[in-house]
Amino acid sequence: MKRLILTVLLGLSVTAVLSAQGRRPDEPLPKWEGLAETPQMGWNSWNKFATNINEELIKATADKMVELGLVDAGYIYLNLDDGWHGERDERGFIHEDPVKFPSGIKALADYLHARGLKLGIYSDAGTNTCACYAGSLGHEYQDAYTYASWGVDYLKYDWCYTNNLNPKGAYTLMRSALRKAGRPILFSMCEWGSSKPWEWAADVGHSWRTTGDIGASFLPIPQTYDENGKPKWKALGVLEIVEMNERLREYAGPGHWNDPDMLEVGNGLTDSENRAHFTLWCMMAAPLILGNDLTSMSAETLSVITNKEVIAINQDPLGIQGLRLKKDGDLQYWFKPLSDGDWAFCLLNAGETEQEVGLNWEALEFKDKLSGRSPEFGKSNYRVQDLWAATRKPFTTRVRGRRRGQTVVNTVTVRVAPHDVVTYRLTPVADAAR
Ligand code: GLA
């Protein structure tokens, strides 16, 4: 009898604990909510510096991010990629490389936090990182705890040396560990789209890579083969990545973004290509993670990455990834629904020669199934703001049609340089303003 009462009491108290916390003790913990409500913005060391990073470089980059107005423009994360690692100690705790980061990661986090920045760090779900430093496999909770105690705000979690690991299981484990560690840490998943994370990761990470690694090339990078005819690893050019990421728009939204990889703006692309690459990432609501050397950047590159109106397209609170409405030869027509009934429009010229294009808005009319909206060009008037006007040589648009002045008319003719974009913000204007 006593035993029965004890069992019942035990059962009741377990139920009480469960209902108080809403979950069983062995259930995974949820991801941190409220992070990356708009795509994350920042800088990452990999594209330019690979593993050649150190405290001095990171601090100089932080200082530049403040000095050049990048923090004010929204780039708040400064992320260390692969190569910050030292060894694990005898208890399994990871340490920074004492030569590269003599003051320690905690001191670096303090330095950044004092300047309005947040610190990102990098690890890997497998035994090793892609550059062969210690991975987090078997140390997930310990590493999450270490990062939290250092004041880390962002974790990019890679997928090298994972053998037979199940991606959903591995990323969910780290999600739980980050939650358990008690500090809100943005979780950026980097498994290159291999297991279609867009289908299962909306409540696991805040973003997931949709493709392999980007290279500093606008055009596709040719495939090469080894002596056995096996395709060699290759990076992807901007246009290749666009093809892969563009079709995943239905999966993106506030707190869970498609990540077509970090920016190569300023890493050797032409000014036109920089502008087009940056704009496409904004149209696709992609995380904007700079990857160039901020300490030696041209004025043109700076003007691209700090274009507030184009950034506003990316950071629009509606959080809908833009759609490519149509391709017409080398031309691509993109639209992105924005809050307040606005639309972003981008015309990309992916080809090698300048094009003169007649934009007939009414002929471009469409219904976006995802947002349920259509611009209704036949009925509505829009004010047109040319978002790259300041960086292009002036071109007088020829206007034909019914309405003139500030509002969109039926047809405008625009010139688009090779590998460049024309980008507009279209804002509906009330009838009275016609
Ligand atoms: C992978 C990732 C890259 C970078 C490197 C670091 O290739 O996809 O973004 O983090 O690893 O080794």
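In what order do the eight strands of the open sheet run? The close-ups below, all taken from a predicted model, start with that sheet and then move to the helices.

**Figure 1. The open sheet, strand by strand.** Reading across, the order is β9-β8-β7-β6-β5-β2-β1-β10, and the pairing is parallel. The edges belong to β9 (257–259) and β10 (288–290); each has a single partner strand, so one side of each has no neighbour in the sheet. From one strand to the next, the twist averages 25 degrees.

**Figure 2. Strand β5 and its partners.** Here we zoom in on β5 (118–124). Six of its seven residues are buried, so the rest of the structure largely encloses this strand. With β2, strand β5 pairs in the parallel sense over three bridges, and L119 of β5 is the bridge partner of L78. With β6, strand β5 pairs over five bridges, again in the parallel sense. For a landmark in that pairing, look for S123, which sits opposite Y157 in β6.

**Figure 3. Moving along from β6 to β7.** Strand β6 covers residues 154–158 and strand β7 covers residues 186–189; the two are joined by four bridges in the parallel sense. Y157 turns up again in this view, this time opposite M189 in β7.

Figure 4. Which residues of α5 are buried? They are I105, L108, A109, Y111 and L112. Seen down the helix axis, these buried residues fall within an arc of 160 degrees, so they line one face of α5.

Figure 5. Helix α3 runs through residues 55–67, 13 residues in total, and its end-to-end C-alpha reach of 18 Å is close to the 18 Å expected at 1.5 Å a residue. Its buried residues are E55, L57, I58, T61, A62 and M65. They cover an arc of only 165 degrees around the axis, which puts them on the same side of α3. On the other side, E56 and E67 are exposed. The buried residues of α3 pack against β1 (41–44), α2 (46–49), α4 (70–73), β2 (77–79) and α5 (105–113).

**Figure 6. The two ends of α3.** At the start of the helix, N54 brings a side-chain oxygen to within 3.0 Å of the backbone nitrogen of E56. Just past the other end, G69 has a positive phi of about 80 degrees.

**Figure 7. Helix α8, mostly under cover.** Is α8 mostly covered or mostly exposed? Mostly covered: seven of the nine residues in this helix (238–246) are buried.

Conventions. Residues are numbered from 1 along each chain as its sequence is written. This is a predicted model: local features need pLDDT of at least 70, side-chain atom pairs count only at pLDDT 80 or more; totals for chains, interfaces and linings use all residues. Side-chain values use heavy atoms; hydrogens and water are left out. The expected span of a helix is 1.5 Å times one less than its number of residues. Buried means under 20% relative accessible area, exposed over 50%, partly exposed in between (1.4 Å probe, protein chains only). The arc is that of the directions from the helix axis to the C-beta atoms. Contact means heavy atoms within 4.5 Å. A polar contact is a pair of N or O atoms within 3.5 Å; within protein, one must be able to donate a hydrogen and the other to accept it, and residues adjacent in sequence count only if both atoms are side-chain atoms. Two strands pair if DSSP finds at least two bridges between them. Axes are lines fitted to C-alpha atoms, for helices over the stretch in contact, and angles run from 0 to 180 degrees between N-to-C directions.
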